[in-house]
Amino acid sequence: MKKNKCVVVGVTGGIAVYKALDVVSLLRKNNVDVRVIMTKSATEFIAPVTFQAISQNLVATDMFSEPKAWEIQHISLAKIADVFLVAPATANIIGKVANGIADDLLSTTIMATKAKVIFAPAMNTNMYNNPIVQENISKLKSLGYEFMDPDSGRLACGDEGSGKLPQPNDILQKVMCELYDKKDLMGKKVIVTAGPTRTDVDPVRFISNRSTGKMGYAIATEARDRGAKVLLISGPTNEEKPYGVEVIDVITNQEMLDVILKEYDDADIVIKAAAVADYKAKEYSCQKIKKGDKDLEIELIRDNDILMTLGQKKKNQILVGFAAESQNVIENANGKLKKKNLDYILANDITLKDTGFASTDNKVTIITRRGQEISLHKMSKREVARNLFEVILEKR
Ligand SMILES: Cc1cc2nc3c(=O)[nH]c(=O)nc-3n(C[C@H](O)[C@H](O)[C@H](O)COP(=O)(O)O)c2cc1C
């Protein structure tokens, strides 16, 4: 059986300690084995038993406590870690590590680990901006330690500014990305489009479609985890922005085209998962169209064919499209692949239940330029994304 990944979480004495409970809980939900080390100050805020219950492991707090196993705790914890996370990270722990101080269990274990160490700092704005703290952070970064940028907003002390612990879900994503084994898109620029576009009819009405953006967001997240620099061009969706991915929000077909053309030349892979409107209203009414007794006709005209444009301008990019079809799925998708000069197309039958728009699963056939058809069974959109990159990178 595959062993679960292990994350050692160092918890230090900041007011954001309670949020670290969420981080540990999220990691557990993602089947990560979590070992918590708390500093003495951290135990002033929350009792170790809480972390113990949530991590489902004993919590280590003291270097000289009665051993519960034969191992030397700081060495065994240092070795077991696939990733080492310090959240919240106080000014004190950052300063200690930056200056080689190992005077408690956490700082000693960090000194002994070969795992990637990620700090998620949380402190008062003035503390964070203090040049000593900033110098310590710079020094640690130059030595290969990772730092998440703190969030801004109202701090526990009442001040406004930078220094809040990053959102637990962002910390989770940062750690999961670090734990991901495949880094085969390192150095590549991947552009993904997602969601619907809208065409405005009047100041209160628009025409759009049922795309939720789930497929494109899953592809962007997969590309990020594999090490790519990802730009996600997103129509209006309710999906949470993936941490570590540059997101540009757009509304209309034209806006999506303008952004993608600016970024297209140096892209390595472009995946058009967005459901872009094919038609737009011929005339936009600046005033709200009043209800009348007669029926209303809105004339629609063809809008840009973004995929076709990209196909025509293609140089070395790998261009991937989607074909959401309700009939002759494979045939229509094949036609689109050729007509638009694509390298791959993902065909999905939108008449199937529990797949396609709005659902978390999808059932697709990947068709390659050379005419190969790879039919995938029903799987999560994230798994579809994983398979897609395996095909693009010619690993399956
Ligand atoms: C109520 C309270 C809140 C604190 N919040 C923070 C904080 O958010 N960030 C920080 O760096 N220090 C904070 N401190 C100060 C640290 O607890 C102190 O620097 C301590 O020595 C840190 O020890 P540790 O790094 O070993 O956990 C706070 C102290 C108190 C009493």
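Helix H11 has buried residues that are covered by parts including strand S8 (189-194), strand S11 (229-234), strand S12 (246-249), strand S13 (269-272), helix H12 (306-313) and strand S16 (318-325). Contact here means heavy atoms within 4.5 Å. This is a predicted model: local features need pLDDT of at least 70, side-chain atom pairs count only at pLDDT 80 or more, and totals for chains, interfaces and linings use all residues. Residues are numbered from 1 along each chain as its sequence is written, and side-chain values use heavy atoms, with hydrogens and water left out.

- H11 covers residues 253-264, twelve residues in total. Helices (H or I, at least four residues) and strands (E, at least two) are DSSP runs, numbered from the N terminus.
- From its first C-alpha to its last, H11 reaches 16 Å, close to the 16 Å expected at 1.5 Å a residue. The expected span is 1.5 Å times one less than the number of residues.
- The buried residues of H11 are Asn253, Met256, Leu257, Val259, Ile260 and Tyr264. Buried means under 20% relative accessible area, exposed over 50%, and partly exposed in between (1.4 Å probe, protein chains only).
- H12 lies across S13 and S16 and runs at about 155° to S16. Axes are lines fitted to C-alpha atoms, for helices over the stretch in contact, and angles run from 0 to 180 degrees between N-to-C directions.

**The sheet**

- Eight strands form an open sheet with mixed pairing, in the order S12-S11-S8-S13-S16-S17-S19-S20. Two strands pair if DSSP finds at least two bridges between them.
- S12 and strand S20 (373-375) stand at the edges with a single partner strand each, so one side of each has no neighbour in the sheet.
- The twist averages 15° from one strand to the next.
- Strand S19 (residues 364-368) pairs with S20 in the antiparallel sense, over three bridges.
- Isoleucine 366 stands opposite isoleucine 374 in S20.

**Backbone features**

- A cis peptide bond joins alanine 87 and proline 88, with omega at about -10°. Proline 88 lies in strand S3 (residues 83-89).
- Glutamine 56 is not a glycine, yet its phi is positive, near 60°. Glutamine 56 sits in the loop between helix H3 (48-55) and helix H4 (73-80). It counts as exposed, because its relative accessibility is 56%.
- Asparagine 341 also has a positive phi, about 60°, although it is not a glycine. Its place is the loop between helix H13 (329-339) and strand S17 (344-349). With a relative accessible area of 26%, asparagine 341 is partly exposed.

**A buried threonine**

- Threonine 125 is found in helix H7 (residues 125-129). Its relative accessible area is 12%, so it is buried.
- Leaving out residues up to four places away in sequence, threonine 125 touches Leu155, Glu160, Gly161 and Ser162.

**Around the ligand**

- The ligand is surrounded by 14 residues, and the closest are Gly13, Thr39, Thr90, Ala91 and Ala122. A residue is near a molecule or strand if one of its heavy atoms lies within 4 Å of it.
- Oxygen atoms of the ligand lie 2.7 Å from a backbone N or O atom of glycine 13 and 2.9 Å from a backbone N or O atom of alanine 91.
- A polar backbone atom of alanine 122 is 2.9 Å from a nitrogen atom of the ligand.

How values were computed
A polar contact is a pair of N or O atoms within 3.5 Å; within protein, one must be able to donate a hydrogen and the other to accept it, and residues adjacent in sequence count only if both atoms are side-chain atoms.
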